[in-house]
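The sequence and structure come before the text.

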Amino acid sequence: MDFFPLYLTIKVSFAATVFTVAIGLVIAWTMAKKEFFGKDILDVVVMQSLVIPPTVLGYYLLALLGKSSPLGRFLEDALGFQIVFTWKGAVVAAFVSSLPLFVKPARAAFEGVGAELENAARLLGKSEIYIIRTVTLPLAWRGILAGTVMSFARATGEFGATLMIAGNIPGLTQTMPVAIYDAVQRADDYTANILVGLITLFSFTVLYLAGRFTRGRF
Amino acid sequence: MSLNFELKKRLQGFSIDVGLRIDEELMVLFGPSGAGKTMILKMISGIVSPDEGVVEVASARLFDSKSGIDLPIRSRRIGYVFQDYALFPHKTVFGNISYGIDYLEDSEIKRRVGELLEIMRLTGLENRYPHELSGGQKQRTALARTLAASPRVLLLDEPFSALDYQVREKLRSDLLNIHKLYPITTILVTHDLEEAFMLGKRIAVINNGKIEQTGSREDVFYRPRTRNVARFMGVKNIFSGTVAGFDSAHTIIQSRDLGTIKAHTPGGAALGVGKEVSFCIRPEEVIVIRPDKVLDNRVQDNLFEGEIIETTGKGSTHTMYLKIGSGGALLKIELPNFVLRKLALATGKRIRISLKKEDVWIIP
(Lines give C-alpha, C1' and ligand atoms only; values in the text may rest on other atoms or scores of the structure.)
Protein backbone atom coordinates (compact mmCIF):
# COMPACT_ATOMS: atom_id res chain seq x y z
CA MET A 1 0.00 0.00 0.00
CA ASP A 2 1.39 3.35 -1.09
CA PHE A 3 0.97 6.10 1.49
CA PHE A 4 2.26 8.90 -0.70
CA PRO A 5 -1.26 10.20 -1.48
CA LEU A 6 -1.95 10.56 2.26
CA TYR A 7 1.33 12.42 2.79
CA LEU A 8 0.75 14.69 -0.23
CA THR A 9 -2.84 15.44 0.75
CA ILE A 10 -1.74 16.58 4.20
CA LYS A 11 1.08 18.67 2.79
CA VAL A 12 -1.13 20.31 0.15
CA SER A 13 -3.95 20.95 2.61
CA PHE A 14 -1.66 22.56 5.17
CA ALA A 15 -0.06 24.80 2.58
CA ALA A 16 -3.44 25.76 1.13
CA THR A 17 -4.88 26.47 4.60
CA VAL A 18 -1.99 28.82 5.41
CA PHE A 19 -2.84 30.89 2.31
CA THR A 20 -6.57 30.63 2.94
CA VAL A 21 -6.30 31.92 6.49
CA ALA A 22 -3.79 34.68 5.69
CA ILE A 23 -5.66 36.05 2.67
CA GLY A 24 -9.10 35.07 3.95
CA LEU A 25 -8.68 37.03 7.18
CA VAL A 26 -7.96 40.23 5.27
CA ILE A 27 -10.90 39.66 2.93
CA ALA A 28 -13.28 38.70 5.76
CA TRP A 29 -12.31 41.66 7.96
CA THR A 30 -12.55 44.14 5.08
CA MET A 31 -15.94 42.82 4.02
CA ALA A 32 -17.25 42.90 7.60
CA LYS A 33 -15.99 46.33 8.62
CA LYS A 34 -15.62 48.46 5.52
CA GLU A 35 -17.92 49.81 2.87
CA PHE A 36 -16.30 50.11 -0.54
CA PHE A 37 -17.14 50.12 -4.21
CA GLY A 38 -17.40 46.62 -5.65
CA LYS A 39 -17.97 44.85 -2.32
CA ASP A 40 -20.80 42.78 -3.78
CA ILE A 41 -18.68 41.77 -6.74
CA LEU A 42 -15.78 40.70 -4.51
CA ASP A 43 -18.27 38.63 -2.52
CA VAL A 44 -19.51 36.90 -5.68
CA VAL A 45 -15.96 36.21 -6.87
CA VAL A 46 -14.85 34.74 -3.53
CA MET A 47 -17.99 32.61 -3.17
CA GLN A 48 -17.91 31.45 -6.80
CA SER A 49 -16.02 28.23 -6.15
CA LEU A 50 -18.91 26.99 -4.00
CA VAL A 51 -21.18 26.81 -7.02
CA ILE A 52 -19.05 26.70 -10.13
CA PRO A 53 -18.17 23.11 -11.28
CA PRO A 54 -14.64 22.18 -10.09
CA THR A 55 -13.64 21.30 -13.63
CA VAL A 56 -14.57 24.79 -14.79
CA LEU A 57 -12.57 26.23 -11.92
CA GLY A 58 -9.63 24.00 -12.92
CA TYR A 59 -9.95 25.16 -16.49
CA TYR A 60 -9.74 28.81 -15.43
CA LEU A 61 -6.71 28.14 -13.26
CA LEU A 62 -5.06 26.29 -16.11
CA ALA A 63 -5.74 29.20 -18.44
CA LEU A 64 -4.45 31.69 -15.88
CA LEU A 65 -1.34 29.86 -14.68
CA GLY A 66 -0.50 27.52 -17.60
CA LYS A 67 2.40 27.96 -19.99
CA SER A 68 0.21 29.65 -22.56
CA SER A 69 -0.69 32.53 -20.20
CA PRO A 70 1.57 35.56 -19.63
CA LEU A 71 1.39 35.07 -15.85
CA GLY A 72 2.27 31.37 -16.11
CA ARG A 73 5.18 32.12 -18.49
CA PHE A 74 6.44 34.88 -16.22
CA LEU A 75 6.33 32.64 -13.13
CA GLU A 76 8.17 29.83 -14.91
CA ASP A 77 10.71 31.75 -16.98
CA ALA A 78 11.57 34.58 -14.60
CA LEU A 79 11.12 32.87 -11.25
CA GLY A 80 11.54 29.22 -12.19
CA PHE A 81 8.21 28.55 -10.54
CA GLN A 82 6.16 25.88 -12.28
CA ILE A 83 2.63 25.47 -11.04
CA VAL A 84 0.81 23.34 -13.58
CA PHE A 85 1.29 19.57 -13.10
CA THR A 86 3.17 19.99 -9.82
CA TRP A 87 2.00 19.73 -6.21
CA LYS A 88 1.91 23.55 -6.13
CA GLY A 89 -0.94 23.37 -8.61
CA ALA A 90 -2.83 21.19 -6.15
CA VAL A 91 -2.23 23.85 -3.50
CA VAL A 92 -3.67 26.57 -5.74
CA ALA A 93 -6.72 24.42 -6.53
CA ALA A 94 -7.26 23.62 -2.85
CA PHE A 95 -6.81 27.28 -1.86
CA VAL A 96 -9.32 28.63 -4.35
CA SER A 97 -11.95 26.04 -3.59
CA SER A 98 -11.62 26.27 0.19
CA LEU A 99 -11.44 30.07 0.47
CA PRO A 100 -15.23 30.66 0.65
CA LEU A 101 -15.59 28.10 3.42
CA PHE A 102 -13.21 30.18 5.49
CA VAL A 103 -14.38 33.66 4.50
CA LYS A 104 -18.08 33.08 5.22
CA PRO A 105 -17.80 32.08 8.91
CA ALA A 106 -14.87 34.45 9.52
CA ARG A 107 -16.79 37.39 8.11
CA ALA A 108 -19.84 36.50 10.16
CA ALA A 109 -17.63 36.30 13.26
CA PHE A 110 -16.13 39.72 12.56
CA GLU A 111 -19.56 41.18 11.96
CA GLY A 112 -20.67 39.68 15.24
CA VAL A 113 -18.23 41.94 17.07
CA GLY A 114 -20.41 45.04 17.16
CA ALA A 115 -19.19 48.43 16.03
CA GLU A 116 -20.08 49.73 19.48
CA LEU A 117 -17.39 47.62 21.17
CA GLU A 118 -14.79 48.81 18.69
CA ASN A 119 -15.94 52.40 19.12
CA ALA A 120 -15.67 52.00 22.88
CA ALA A 121 -12.03 50.98 22.37
CA ARG A 122 -11.40 53.90 20.00
CA LEU A 123 -12.88 56.29 22.54
CA LEU A 124 -10.38 54.93 25.06
CA GLY A 125 -7.58 56.05 22.74
CA LYS A 126 -6.69 52.80 20.98
CA SER A 127 -5.42 52.38 17.40
CA GLU A 128 -7.13 50.17 14.82
CA ILE A 129 -4.43 47.47 14.89
CA TYR A 130 -4.52 47.37 18.68
CA ILE A 131 -8.31 47.05 18.62
CA ILE A 132 -8.17 44.15 16.14
CA ARG A 133 -5.65 42.39 18.37
CA THR A 134 -7.36 43.01 21.73
CA VAL A 135 -11.07 43.18 20.90
CA THR A 136 -12.02 41.95 17.43
CA LEU A 137 -9.87 38.80 17.17
CA PRO A 138 -10.39 37.58 20.74
CA LEU A 139 -14.14 37.82 20.23
CA ALA A 140 -14.17 36.37 16.72
CA TRP A 141 -11.66 33.52 17.12
CA ARG A 142 -14.23 30.74 17.38
CA GLY A 143 -15.72 31.59 14.02
CA ILE A 144 -12.24 31.94 12.55
CA LEU A 145 -11.16 28.59 13.93
CA ALA A 146 -14.33 26.90 12.67
CA GLY A 147 -13.66 28.40 9.25
CA THR A 148 -10.07 27.18 9.35
CA VAL A 149 -11.12 23.63 10.13
CA MET A 150 -13.80 23.66 7.43
CA SER A 151 -11.48 25.03 4.77
CA PHE A 152 -8.75 22.52 5.71
CA ALA A 153 -11.28 19.72 5.32
CA ARG A 154 -12.41 21.09 1.97
CA ALA A 155 -8.79 21.26 0.84
CA THR A 156 -8.19 17.57 1.63
CA GLY A 157 -11.18 16.59 -0.49
CA GLU A 158 -10.40 18.74 -3.53
CA PHE A 159 -10.70 16.60 -6.67
CA GLY A 160 -11.94 18.20 -9.86
CA ALA A 161 -9.81 21.32 -10.06
CA THR A 162 -6.79 19.42 -8.74
CA LEU A 163 -7.09 16.84 -11.49
CA MET A 164 -7.27 19.62 -14.09
CA ILE A 165 -4.30 21.67 -12.94
CA ALA A 166 -2.05 19.17 -11.14
CA GLY A 167 -2.97 16.02 -13.01
CA ASN A 168 -2.77 12.47 -11.74
CA ILE A 169 0.92 11.66 -11.52
CA PRO A 170 1.50 8.88 -8.95
CA GLY A 171 4.22 9.83 -6.49
CA LEU A 172 4.15 13.43 -7.63
CA THR A 173 0.66 15.00 -7.78
CA GLN A 174 -1.65 12.15 -6.82
CA THR A 175 -3.65 13.27 -3.75
CA MET A 176 -6.03 10.98 -1.86
CA PRO A 177 -9.25 11.84 -3.71
CA VAL A 178 -7.43 11.36 -7.01
CA ALA A 179 -5.90 8.11 -5.74
CA ILE A 180 -9.36 6.80 -4.81
CA TYR A 181 -10.60 7.53 -8.30
CA ASP A 182 -7.53 5.83 -9.68
CA ALA A 183 -7.92 2.75 -7.45
CA VAL A 184 -11.57 2.34 -8.44
CA GLN A 185 -10.60 2.60 -12.10
CA ARG A 186 -8.05 -0.18 -11.56
CA ALA A 187 -10.63 -2.21 -9.57
CA ASP A 188 -8.23 -2.09 -6.59
CA ASP A 189 -10.95 -2.33 -3.92
CA TYR A 190 -8.48 -2.85 -1.10
CA THR A 191 -6.73 0.54 -1.56
CA ALA A 192 -10.00 2.31 -2.35
CA ASN A 193 -11.62 1.01 0.87
CA ILE A 194 -8.74 2.08 3.09
CA LEU A 195 -8.55 5.57 1.57
CA VAL A 196 -12.33 6.03 1.65
CA GLY A 197 -12.40 4.91 5.28
CA LEU A 198 -9.66 7.38 6.22
CA ILE A 199 -11.36 10.30 4.53
CA THR A 200 -14.75 9.46 6.02
CA LEU A 201 -13.31 9.28 9.52
CA PHE A 202 -11.50 12.55 8.97
CA SER A 203 -14.62 14.35 7.69
CA PHE A 204 -16.68 13.28 10.68
CA THR A 205 -14.01 14.46 13.08
CA VAL A 206 -13.72 17.82 11.35
CA LEU A 207 -17.44 18.58 11.43
CA TYR A 208 -17.61 17.58 15.07
CA LEU A 209 -14.70 19.87 15.96
CA ALA A 210 -16.06 22.77 13.90
CA GLY A 211 -19.35 22.43 15.74
CA ARG A 212 -17.63 22.58 19.10
CA PHE A 213 -15.68 25.71 18.23
CA THR A 214 -18.77 27.64 17.23
CA ARG A 215 -20.41 27.16 20.63
CA GLY A 216 -18.97 29.86 22.82
CA ARG A 217 -19.10 31.51 26.16
CA PHE A 218 -19.51 35.04 24.92
CA MET B 1 -12.62 72.19 30.21
CA SER B 2 -15.35 73.80 28.22
CA LEU B 3 -17.04 72.09 25.32
CA ASN B 4 -18.36 74.13 22.48
CA PHE B 5 -20.11 72.76 19.44
CA GLU B 6 -22.21 73.60 16.46
CA LEU B 7 -23.46 70.68 14.46
CA LYS B 8 -25.51 70.23 11.33
CA LYS B 9 -26.48 66.94 9.83
CA ARG B 10 -29.16 65.83 7.42
CA LEU B 11 -30.77 62.54 8.35
CA GLN B 12 -33.68 60.58 6.98
CA GLY B 13 -36.84 62.46 7.77
CA PHE B 14 -35.27 65.31 9.72
CA SER B 15 -32.11 67.24 10.22
CA ILE B 16 -30.04 68.17 13.23
CA ASP B 17 -28.96 71.75 13.76
CA VAL B 18 -27.70 72.48 17.26
CA GLY B 19 -25.15 74.61 19.04
CA LEU B 20 -24.19 74.71 22.72
CA ARG B 21 -21.44 75.84 25.01
CA ILE B 22 -20.92 73.84 28.20
CA ASP B 23 -18.51 74.60 31.01
CA GLU B 24 -17.46 72.32 33.81
CA GLU B 25 -20.97 71.33 34.69
CA LEU B 26 -23.48 68.60 34.11
CA MET B 27 -25.74 69.53 31.25
CA VAL B 28 -28.78 67.43 30.47
CA LEU B 29 -29.97 66.99 26.89
CA PHE B 30 -33.62 66.27 27.34
CA GLY B 31 -36.13 65.36 24.69
CA PRO B 32 -38.42 62.67 23.34
CA SER B 33 -37.08 59.51 21.72
CA GLY B 34 -35.96 60.12 18.17
CA ALA B 35 -35.19 63.80 18.74
CA GLY B 36 -31.56 63.30 17.73
CA LYS B 37 -29.96 63.35 21.19
CA THR B 38 -27.78 60.27 20.71
CA MET B 39 -26.75 61.48 17.27
CA ILE B 40 -25.48 64.72 18.84
CA LEU B 41 -23.25 62.73 21.22
CA LYS B 42 -22.00 60.59 18.34
CA MET B 43 -21.04 63.68 16.37
CA ILE B 44 -19.22 65.26 19.32
CA SER B 45 -17.24 62.05 19.89
CA GLY B 46 -16.44 61.54 16.21
CA ILE B 47 -18.33 58.27 15.76
CA VAL B 48 -20.51 60.05 13.21
CA SER B 49 -19.31 62.94 11.07
CA PRO B 50 -21.51 66.04 10.90
CA ASP B 51 -22.20 67.57 7.49
CA GLU B 52 -21.12 70.93 8.80
CA GLY B 53 -19.98 72.39 12.07
CA VAL B 54 -17.37 72.80 14.76
CA VAL B 55 -16.45 70.84 17.88
CA GLU B 56 -14.08 72.48 20.35
CA VAL B 57 -12.75 71.33 23.70
CA ALA B 58 -10.96 74.03 25.70
CA SER B 59 -10.80 76.05 22.46
CA ALA B 60 -8.84 73.29 20.69
CA ARG B 61 -10.60 72.24 17.50
CA LEU B 62 -11.54 68.58 17.23
CA PHE B 63 -13.71 69.07 14.20
CA ASP B 64 -14.13 71.93 11.80
CA SER B 65 -15.84 71.37 8.48
CA LYS B 66 -14.50 74.68 7.10
CA SER B 67 -10.81 73.97 7.61
CA GLY B 68 -11.16 70.21 7.19
CA ILE B 69 -10.10 69.32 10.74
CA ASP B 70 -11.46 65.94 11.79
CA LEU B 71 -9.54 64.34 14.64
CA PRO B 72 -9.88 60.55 14.79
CA ILE B 73 -11.98 59.25 17.69
CA ARG B 74 -8.95 57.93 19.55
CA SER B 75 -7.27 61.34 19.70
CA ARG B 76 -10.26 63.27 21.02
CA ARG B 77 -10.09 62.14 24.63
CA ILE B 78 -13.82 62.17 25.01
CA GLY B 79 -15.39 59.72 27.41
CA TYR B 80 -18.55 58.02 26.24
CA VAL B 81 -20.80 55.69 28.22
CA PHE B 82 -23.10 53.80 25.87
CA GLN B 83 -26.73 53.11 26.64
CA ASP B 84 -26.05 49.36 26.78
CA TYR B 85 -22.54 49.90 28.25
CA ALA B 86 -20.53 48.12 25.48
CA LEU B 87 -18.35 46.34 28.04
CA PHE B 88 -15.77 43.97 26.57
CA PRO B 89 -17.38 40.57 27.22
CA HIS B 90 -14.04 38.72 27.16
CA LYS B 91 -12.45 40.93 29.80
CA THR B 92 -13.01 41.04 33.54
CA VAL B 93 -14.14 44.12 35.41
CA PHE B 94 -10.47 44.88 36.06
CA GLY B 95 -9.59 44.25 32.41
CA ASN B 96 -12.37 46.52 31.25
CA ILE B 97 -11.51 49.40 33.56
CA SER B 98 -7.78 49.20 32.85
CA TYR B 99 -8.18 48.86 29.07
CA GLY B 100 -7.70 52.54 28.32
CA ILE B 101 -4.66 52.90 30.60
CA ASP B 102 -2.91 49.58 29.93
CA TYR B 103 0.18 51.43 28.67
CA LEU B 104 0.94 52.64 32.22
CA GLU B 105 3.11 50.79 34.69
CA ASP B 106 1.47 47.88 36.47
CA SER B 107 1.58 49.51 39.89
CA GLU B 108 0.01 52.70 38.53
CA ILE B 109 -2.72 50.74 36.75
CA LYS B 110 -3.50 48.86 39.97
CA ARG B 111 -3.63 52.07 41.96
CA ARG B 112 -5.95 53.86 39.56
CA VAL B 113 -8.27 50.90 38.99
CA GLY B 114 -8.35 50.22 42.72
CA GLU B 115 -9.40 53.80 43.39
CA LEU B 116 -12.19 53.63 40.83
CA LEU B 117 -13.35 50.23 42.07
CA GLU B 118 -13.82 51.75 45.48
CA ILE B 119 -15.60 54.87 44.32
CA MET B 120 -17.90 52.80 42.12
CA ARG B 121 -18.57 50.23 44.87
CA LEU B 122 -17.11 47.44 42.71
CA THR B 123 -14.38 46.23 45.05
CA GLY B 124 -14.39 42.43 45.16
CA LEU B 125 -15.90 42.13 41.70
CA GLU B 126 -12.72 42.87 39.74
CA ASN B 127 -12.34 39.26 38.51
CA ARG B 128 -15.93 38.90 37.33
CA TYR B 129 -16.88 38.93 33.68
CA PRO B 130 -19.62 41.29 32.45
CA HIS B 131 -22.15 38.46 32.08
CA GLU B 132 -21.71 37.76 35.80
CA LEU B 133 -22.70 41.32 36.78
CA SER B 134 -26.05 42.94 37.53
CA GLY B 135 -27.25 45.82 35.40
CA GLY B 136 -26.15 48.43 37.92
CA GLN B 137 -22.71 46.86 38.29
CA LYS B 138 -22.27 46.82 34.52
CA GLN B 139 -23.24 50.46 34.36
CA ARG B 140 -20.74 51.38 37.08
CA THR B 141 -18.00 49.36 35.38
CA ALA B 142 -18.65 51.20 32.14
CA LEU B 143 -18.45 54.56 33.90
CA ALA B 144 -15.25 53.52 35.70
CA ARG B 145 -13.68 52.36 32.43
CA THR B 146 -14.44 55.73 30.89
CA LEU B 147 -13.20 57.77 33.85
CA ALA B 148 -9.97 55.74 34.10
CA ALA B 149 -8.81 57.19 30.79
CA SER B 150 -9.13 60.77 32.20
CA PRO B 151 -11.44 62.14 29.53
CA ARG B 152 -11.72 65.89 28.99
CA VAL B 153 -15.44 65.63 28.31
CA LEU B 154 -17.88 62.96 29.45
CA LEU B 155 -20.87 61.92 27.36
CA LEU B 156 -23.54 59.72 28.94
CA ASP B 157 -26.16 58.26 26.63
CA GLU B 158 -29.26 57.35 28.66
CA PRO B 159 -27.00 55.68 31.22
CA PHE B 160 -29.78 54.51 33.53
CA SER B 161 -32.54 53.60 31.09
CA ALA B 162 -31.98 49.83 31.31
CA LEU B 163 -32.11 49.68 35.10
CA ASP B 164 -34.77 49.05 37.76
CA TYR B 165 -36.32 52.03 39.45
CA GLN B 166 -34.47 51.59 42.77
CA VAL B 167 -31.09 50.98 41.16
CA ARG B 168 -31.66 54.01 39.00
CA GLU B 169 -32.41 56.22 42.00
CA LYS B 170 -29.20 55.13 43.71
CA LEU B 171 -27.04 55.51 40.62
CA ARG B 172 -28.35 58.99 39.94
CA SER B 173 -27.20 60.22 43.31
CA ASP B 174 -23.94 58.29 42.77
CA LEU B 175 -23.44 60.17 39.56
CA LEU B 176 -23.91 63.53 41.26
CA ASN B 177 -21.28 62.57 43.85
CA ILE B 178 -18.88 61.36 41.19
CA HIS B 179 -19.38 64.58 39.29
CA LYS B 180 -18.36 66.48 42.40
CA LEU B 181 -15.28 64.28 42.70
CA TYR B 182 -14.38 64.50 39.01
CA PRO B 183 -15.82 67.81 37.84
CA ILE B 184 -15.63 66.97 34.15
CA THR B 185 -17.72 68.76 31.56
CA THR B 186 -20.57 66.29 31.17
CA ILE B 187 -23.52 65.85 28.86
CA LEU B 188 -26.20 63.43 29.92
CA VAL B 189 -28.87 62.42 27.46
CA THR B 190 -32.24 61.33 28.80
CA HIS B 191 -35.93 61.25 27.98
CA ASP B 192 -36.85 60.82 31.64
CA LEU B 193 -38.20 64.05 33.11
CA GLU B 194 -37.44 63.12 36.71
CA GLU B 195 -33.87 62.29 35.78
CA ALA B 196 -33.44 65.53 33.85
CA PHE B 197 -34.67 67.55 36.81
CA MET B 198 -32.62 65.68 39.37
CA LEU B 199 -29.31 65.71 37.49
CA GLY B 200 -29.28 68.76 35.28
CA LYS B 201 -28.55 72.13 36.77
CA ARG B 202 -28.85 73.22 33.20
CA ILE B 203 -31.14 71.54 30.72
CA ALA B 204 -31.27 71.79 26.95
CA VAL B 205 -34.57 70.63 25.51
CA ILE B 206 -34.13 68.97 22.13
CA ASN B 207 -36.96 68.36 19.73
CA ASN B 208 -36.77 67.26 16.14
CA GLY B 209 -33.05 67.93 15.92
CA LYS B 210 -33.22 71.48 17.28
CA ILE B 211 -32.75 73.01 20.71
CA GLU B 212 -36.08 74.44 21.84
CA GLN B 213 -34.81 75.94 25.06
CA THR B 214 -31.66 76.02 27.15
CA GLY B 215 -31.68 77.21 30.71
CA SER B 216 -31.57 76.40 34.38
CA ARG B 217 -33.84 73.54 35.35
CA GLU B 218 -36.26 75.93 37.06
CA ASP B 219 -36.45 78.03 33.91
CA VAL B 220 -37.18 75.09 31.70
CA PHE B 221 -39.52 73.47 34.19
CA TYR B 222 -41.61 76.47 35.25
CA ARG B 223 -41.01 78.95 32.46
CA PRO B 224 -41.12 77.01 29.19
CA ARG B 225 -40.53 79.15 26.15
CA THR B 226 -42.49 77.05 23.68
CA ARG B 227 -45.58 74.86 23.79
CA ASN B 228 -43.39 71.85 22.99
CA VAL B 229 -41.12 72.48 25.96
CA ALA B 230 -44.17 72.87 28.18
CA ARG B 231 -45.52 69.60 26.85
CA PHE B 232 -42.23 67.69 27.34
CA MET B 233 -41.90 69.12 30.84
CA GLY B 234 -45.22 67.56 31.80
CA VAL B 235 -47.09 70.84 32.15
CA LYS B 236 -50.15 69.29 30.47
CA ASN B 237 -52.47 72.26 31.10
CA ILE B 238 -51.72 74.38 28.05
CA PHE B 239 -54.40 76.71 26.71
CA SER B 240 -54.67 79.41 24.05
CA GLY B 241 -55.93 82.93 24.40
CA THR B 242 -55.61 86.53 23.37
CA VAL B 243 -54.02 89.31 25.38
CA ALA B 244 -56.90 91.54 26.43
CA GLY B 245 -55.06 94.10 28.54
CA PHE B 246 -52.81 94.78 31.48
CA ASP B 247 -53.25 95.85 35.09
CA SER B 248 -50.22 96.82 37.18
CA ALA B 249 -48.12 93.64 37.20
CA HIS B 250 -50.55 91.35 35.45
CA THR B 251 -51.52 90.39 31.96
CA ILE B 252 -55.17 89.72 31.33
CA ILE B 253 -55.89 87.01 28.83
CA GLN B 254 -59.18 86.20 27.24
CA SER B 255 -59.39 82.48 26.64
CA ARG B 256 -62.05 80.56 24.76
CA ASP B 257 -61.56 77.60 27.08
CA LEU B 258 -61.37 79.24 30.47
CA GLY B 259 -62.71 82.76 30.11
CA THR B 260 -60.71 85.56 31.70
CA ILE B 261 -57.34 84.69 33.15
CA LYS B 262 -54.87 86.86 34.99
CA ALA B 263 -51.22 86.02 34.84
CA HIS B 264 -48.27 87.53 36.63
CA THR B 265 -45.84 88.83 34.02
CA PRO B 266 -42.30 89.11 35.29
CA GLY B 267 -40.20 91.79 33.68
CA GLY B 268 -43.15 93.12 31.67
CA ALA B 269 -43.04 90.80 28.71
CA ALA B 270 -43.44 92.80 25.55
CA LEU B 271 -46.85 91.54 24.62
CA GLY B 272 -49.24 93.76 22.72
CA VAL B 273 -52.97 93.74 23.23
CA GLY B 274 -54.61 91.36 20.79
CA LYS B 275 -51.62 89.03 20.56
CA GLU B 276 -52.35 85.31 20.41
CA VAL B 277 -50.57 83.52 23.22
CA SER B 278 -50.47 80.18 24.98
CA PHE B 279 -50.48 79.93 28.73
CA CYS B 280 -49.96 77.02 31.04
CA ILE B 281 -49.99 75.83 34.61
CA ARG B 282 -48.41 72.71 36.06
CA PRO B 283 -50.93 70.11 37.36
CA GLU B 284 -49.36 70.16 40.83
CA GLU B 285 -49.76 73.97 41.15
CA VAL B 286 -53.55 73.98 40.83
CA ILE B 287 -55.14 74.89 44.18
CA VAL B 288 -58.27 73.06 45.22
CA ILE B 289 -60.40 75.23 47.51
CA ARG B 290 -62.16 73.74 50.52
CA PRO B 291 -65.95 74.20 50.13
CA ASP B 292 -66.30 76.02 53.47
CA LYS B 293 -63.36 78.37 52.88
CA VAL B 294 -63.97 82.12 52.90
CA LEU B 295 -62.20 83.50 49.86
CA ASP B 296 -59.37 85.88 50.68
CA ASN B 297 -57.20 88.01 48.44
CA ARG B 298 -54.82 85.24 47.67
CA VAL B 299 -57.26 83.13 45.78
CA GLN B 300 -59.58 85.74 44.39
CA ASP B 301 -58.29 85.55 40.87
CA ASN B 302 -58.69 82.83 38.33
CA LEU B 303 -61.45 81.04 40.20
CA PHE B 304 -63.18 78.20 38.44
CA GLU B 305 -65.74 75.59 39.18
CA GLY B 306 -65.86 72.23 37.54
CA GLU B 307 -66.76 68.59 37.73
CA ILE B 308 -64.25 65.86 38.42
CA ILE B 309 -64.57 63.43 35.56
CA GLU B 310 -61.67 61.12 36.29
CA THR B 311 -59.40 60.21 39.20
CA THR B 312 -56.40 57.92 38.92
CA GLY B 313 -54.07 56.90 41.71
CA LYS B 314 -50.36 57.03 40.90
CA GLY B 315 -48.84 55.72 44.10
CA SER B 316 -48.06 58.75 46.23
CA THR B 317 -50.25 61.15 44.25
CA HIS B 318 -53.59 61.22 42.48
CA THR B 319 -54.33 62.69 39.08
CA MET B 320 -57.74 64.22 38.45
CA TYR B 321 -59.29 65.70 35.35
CA LEU B 322 -61.63 68.59 35.92
CA LYS B 323 -64.17 69.70 33.32
CA ILE B 324 -64.46 73.46 33.35
CA GLY B 325 -66.87 75.91 31.74
CA SER B 326 -69.05 75.57 28.70
CA GLY B 327 -66.23 74.80 26.27
CA GLY B 328 -65.53 71.58 28.08
CA ALA B 329 -61.88 72.42 28.76
CA LEU B 330 -60.07 69.79 30.80
CA LEU B 331 -57.70 70.73 33.58
CA LYS B 332 -55.28 68.18 34.94
CA ILE B 333 -54.69 68.36 38.67
CA GLU B 334 -52.17 66.43 40.68
CA LEU B 335 -52.68 66.13 44.43
CA PRO B 336 -51.00 64.27 47.27
CA ASN B 337 -53.18 61.39 48.46
CA PHE B 338 -53.90 62.92 51.87
CA VAL B 339 -55.43 66.03 50.30
CA LEU B 340 -57.68 63.85 48.22
CA ARG B 341 -58.82 61.98 51.33
CA LYS B 342 -59.25 65.10 53.44
CA LEU B 343 -61.44 66.87 50.88
CA ALA B 344 -63.22 63.62 49.98
CA LEU B 345 -62.67 64.23 46.30
CA ALA B 346 -64.12 61.70 43.92
CA THR B 347 -65.30 61.39 40.36
CA GLY B 348 -68.58 63.23 39.80
CA LYS B 349 -68.04 65.82 42.49
CA ARG B 350 -68.11 69.56 41.72
CA ILE B 351 -65.26 71.58 43.19
CA ARG B 352 -63.80 75.06 43.07
CA ILE B 353 -60.20 75.66 42.14
CA SER B 354 -57.89 78.62 41.81
CA LEU B 355 -54.97 79.17 39.47
CA LYS B 356 -52.45 81.36 41.24
CA LYS B 357 -51.39 84.25 39.05
CA GLU B 358 -47.73 83.59 39.75
CA ASP B 359 -48.04 80.03 38.51
CA VAL B 360 -49.78 80.83 35.27
CA TRP B 361 -47.01 81.13 32.74
CA ILE B 362 -47.44 82.83 29.40
CA ILE B 363 -45.73 81.27 26.39
CA PRO B 364 -45.28 84.10 23.92
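The sections below cover the basis of the values, the ring pairs and the charges over rings.

## Basis

This is a predicted model, in which local features need pLDDT of at least 70, side-chain atom pairs count only at pLDDT 80 or more, and totals for chains, interfaces and linings use all residues. Residues are numbered from 1 along each chain as its sequence is written, chains are lettered from A and ligands numbered from 1 in the order in which they are written, and side-chain values use heavy atoms, without hydrogens and water.

## Aromatic pairs

Rings of Phe, Tyr and Trp (its six-membered ring) pair if their centres lie within 6.5 Å; planes under 30 degrees apart count as stacked, over 60 as edge-to-face and the rest as tilted. Over all chains, this rule gives 11 aromatic pairs. One of them is edge-to-face, because the ring planes of A:F152 and A:F202 stand at 65 degrees, with centres 5.9 Å apart. The two residues are 50 residues apart, A:F152 in helix 7 (residues 128-156) and A:F202 in helix 10 (residues 189-214) of chain A. Helices here are DSSP runs of H or I with at least four residues, numbered from the N terminus.

A:F152 has 16% relative accessibility and is therefore buried, while A:F202, at 28%, is partly exposed. Buried means under 20% relative accessible area, exposed over 50%, and partly exposed in between (1.4 Å probe, protein chains only). Together with A:F14, A:F152 and A:F202 form one aromatic cluster.

## Charges over rings

A charge sits over a ring if NZ of Lys or CZ of Arg is within 6 Å of the ring centre and within 35 degrees of the ring normal. A:K126 lies over the face of B:Y99, 5.7 Å from the ring centre. In chain B, the charged end of B:R282 is 3.7 Å from the centre of the B:F221 ring, over which it sits.
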